[in-house]
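Hi there,

Have it open beside you as you read.

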Amino acid sequence: MSLSQADILRALELVKLPASGQSLAASGRVADILIDGGKVIFAIGIDATEAAAMEPVRKAAESAVGGLPGVTQVLVGLTADKAAPSAGMQARQQAHRPAPGGPPPKPAGVPGVKQIIAVASGKGGVGKSTTAANLAVALSTLGLKVGVLDSDIYGPSMPKLFGITGKPQIVSGRTLGPMEAYGLKVMSIGFLVDEETPMIWRGPMVISAITQMLREVAWGELDVLVVDMPPGTGDAQLTMAQQVPLAGAVIVSTPQDLALLDARRGVAMFRKVAVPILGLVENMSYFICPECGHRSDIFAHGGARHEAERLGIPFLGEIPLAMPIRETSDGGRPIVASDPSSAHAKAYIALARQVQAALGGATRAAPRIVIE
C-alpha cells in the first residue's frame with residue numbers, strides 16, 4: 001500500500017498545537033508534502049517568534065508520521081517568514097546590535113569542520129558543480145580532510161558526479177552519516193529523494209533542508225567543507241551566505257560577457273554579507289580539438305581574468321572545455337581522481353593550491369599525493 005498525502009494528514013490529526021489545542025492537520029500549517037517511497041518530507045509554517053514553542057510540535061509530527069506503515073524516514077522543517085518585531089523586541093535587538101561600522105555577528109560553525117567554502121555562480125550552466133567536485137578532490141590530494149555539501153536542492157549533481165548510489169544511514173537521532181567517495185564525505189538531497197522527483201518547494205523549505213544537511217550530518221573532523229551553492233543570487237543563496245560561516249567563496253564563470261555579468265552579481269552578493277572572495281575561475285575557457293590540436297575560444301577567452309582585475313579579486317585560473325572532463329563527470333569519476341596526471345587535472349590542482357593558500361594555516365596539512 002502506497003502512502004498518500006491524506007495518510008500524512010490523518011497522522012497529523014493526533015498532533016496538537018500548544019496554544020489552541022487545534023490539530024496540526026486542521027491548522028493549515030502543513031505544506032510542501034513530498035512522498036518518495038518510504039521517505040516523507042514536509043514543512044510546518046510558523047511565525048518567527050514561535051520557533052522554540054513549535055520545536056516539540058515538529059518532533060511530535062515526525063514521530064506521528066514515522067509510525068505509519070511503510071514510512072522509513074521523515075524530514076520535517078519549521079519555516080517562517082520574518083515577522084515584524086515588537087517594540088520590546090526592537091529595543092532588545094538594538095541593545096545587542098554591533099556598533100555602526102563593526103563586523104556583523106558570525107553564524108555558528110559546524111562541529112569538527114575547520115573551514116567552509118562556497119563554490120558559486122551567478123547563473124546556471126557554467127560548470128559550477130563539476131568545478132566544485134574536482135576542487136574537492138584536488139584539495140584532498142593536497143592532504144586535507146574534505147567534505148562536499150550539495151546545496152543545489154532543485155538540481156543536485158553530486159550523486160552523479162561522484163558515482164554514488166544508495167541512501168545515507170541514520171547514525172543517531174536525526175543525524176545522518178554522509179556518503180563517501182574518493183576519500184571525501186558527501187551529502188546531497190539527491191541521496192534522499194529519487195532523481196526523477198521534482199523538488200517543488202518554496203524558499204523557506206529549501207533553506208530548512210540545506211540547514212539540516214549542513215548541521216544534522218556526522219561530518220566528523222574536516223579541514224574543508226566545499227559547498228556547491230545553488231546557481232544565481234536569489235533569496236536561497238543570500239540566506240545561505242548569511243547563515244553558514246563561510247571562510248570564502250570561489251566564483252565560477254565562463255568567459256563571455258553575459259556570464260560575467262551574472263558572476264559580477266555573485267561577487268556583489270558575497271561582499272554584501274562580508275564573505276571573502278577567494279577568486280574567480282574561468283571555466284570552459286578554450287577548446288583544443290583532439291584530432292588536429294587547433295584551439296578554439298568557443299565562449300571567448302580571458303574575460304574572467306579581466307573581470308577579476310577590474311573587481312580587484314584574485315584570478316584562480318582557466319579550466320578548458322574538454323571531452324575528458326565531461327566524460328569522467330558523466331561517468332562519476334572526477335578527472336582529478338581518475339586521471340590525476342592529465343593537464344586537466346593539474347589545472348584543478350593548481351586551483352586547489354591557490355584556494356588552500358588563500359584560506360591560510362587552518363587548512364595546512366602534509367601532502368598525501370604530490371603531482372608535478
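Let's start with the largest cavity, which is lined by I207, I210, T211, L214, T239, M240, Q243 and V244. Please keep in mind that this is a predicted model. The volume of the largest cavity comes to about 40 Å³, and the structure holds 1 cavity of 30 Å³ or more.

Which helices supply at least two residues each of that lining? They are α6 (203-215) and α7 (235-243). Helix α6 gives the largest share, with 4 residues. Sorted by class, the lining has 5 nonpolar and 3 polar residues, and no charged ones.

Next, have a look at two strands. Strand β12 (residues 277-283) runs parallel to β15, and 4 bridges join them. Strand β15 covers residues 315-319 and is mostly covered itself, as 4 of its 5 residues are buried.

Finally, two loop residues are worth a click. Y182 sits in the loop between β8 (179-181) and β9 (184-188), and it has a positive phi of about 55° although it is not a glycine. M284, in the loop between β12 and β13 (287-288), also has a positive phi of about 55° without being a glycine.

Is each of these two buried or partly exposed? Y182 counts as partly exposed because its relative accessibility is 37%. M284 has a relative accessible area of 17%, so it is buried, since buried means under 20%.

Happy exploring!

Methods:
Residues numbered from 1 in each chain as written. Predicted model: local features only at pLDDT ≥ 70, side-chain atom pairs only at ≥ 80, totals over all residues. Heavy atoms only, no water. Buried < 20%, exposed > 50% of the residue type's maximum accessible area, 1.4 Å probe, protein only. Pairing = 2+ DSSP bridges. 1 Å grid on protein atoms, 1.4 Å probe; cavity = no way out; pocket = protein on both sides within 12 Å on 5 of 7 lines; lining within 4 Å. Points joined across faces, edges and corners; volume = space filled by probe spheres on them. Nonpolar A, V, L, I, M, F, W, Y, C, P; charged D, E, K, R; others polar.
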